[in-house]
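Hi,

Here is the structure I promised to pass on. My notes follow below it.

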Amino acid sequence: MGSDRKMITLALSKGRIFEETLPLLRAAGIEVLEDPDKSRKLILPTSQNDVRVLVVRATDVPTYVQYGGADLGITGKDTLLEHGSQGLYQPLDLRIAKCRISVAVRTDFDYVSAVRQGSRLTVATKYVAIARDFFAAKGVHVDLIKLYGSMELAPLVGLADAIVDLVSTGNTLKANHLVEVEHIMDISSRLVVNQAALKLKQAPIRRIIEAFASAVGQES
Ligand code: PRP
């Protein structure tokens, strides 16, 4: 479990979540002292000696927090749904890194008819659990193909009829001649907290939760 009893460790992934978390950290009086895009360091110091940031893969954030490798983490609802959120306290929807999970197909694929006719669809996705639940609720039979990235390629090369993926601006779909045909759910990032850490380091963790809550205009 965590090294220092007083140290507060926050797990973040690089990219959009990291960028959009910086203003929230600032609201809590915490300045990250190194840029993860320039530094190779995986543990970043902050302006507060007893707060540090771990740079981890987005899909690993819940694991670090569950096992106490980090006290807190910020992760997308998509990751929590796929990974499971057992043992994680989720006090806040931070409303950052907003996007949606959608079903998309080639512009020349007649999705509505395929579904109406009860065809079996092949669906490529990184979000196997979300896709399975969504199509099961609709009563559509699907064969799921697990991919780890560049899902947009699958319908273009005949690997799948459809994909289930994150959509933000829609530019990636457009650039690959794909079109959204179902909006599965809206996604944003959540603050997750290790339950044992919350008990052991109650005051500093509560301070961070409250600062984040007021920065995003929510009650904690
Ligand atoms: C996500 C997603 C799409 C893209 C959508 O990928 O998988 O490819 O963003 O964004 P847009 O609608 O604004 O074009 P991301 O860059 O997060 O990387 P990933 O492929 O590792 O998921």
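The accessible surface of the chain comes to about 11400 Å², with 50% of that area belonging to carbon and sulfur atoms (Shrake-Rupley method, 1.4 Å probe; for residues, only the protein chains shown count as cover). Please note that this is a predicted model, where local features need pLDDT of at least 70, side-chain atom pairs count only at pLDDT 80 or more, and totals for chains, interfaces and linings use all residues. Residues are numbered from 1 along each chain as its sequence is written, and side-chain values use heavy atoms, leaving out hydrogens and water.

Of the 220 residues, 46% are buried (under 20% relative accessible area, 1.4 Å probe, protein chains only). The C-alpha trace spans about 60 × 35 × 30 Å along its principal axes.

As for secondary structure, the chain has nine helices and 11 strands (DSSP runs, numbered from the N terminus: helices are H or I with at least four residues, strands E with at least two). Six of the strands make an open sheet of mixed pairing, ordered E2-E3-E1-E4-E11-E5; two strands pair if DSSP finds at least two bridges between them. Strands E2 (43–45) and E5 (88–93) are at the edges with a single partner strand each, so one side of each has no neighbour in the sheet. From one strand to the next, the twist averages 30° (axes are lines fitted to C-alpha atoms, and angles run from 0 to 180 degrees between N-to-C directions).

Inside that sheet, E1 (residues 8–12) and E4 (residues 72–76) run parallel and are joined by two bridges; Leu10 has Leu72 in E4 as its bridge partner.

Best wishes

Methods: Buried < 20%, exposed > 50% of the residue type's maximum accessible area, 1.4 Å probe, protein only.
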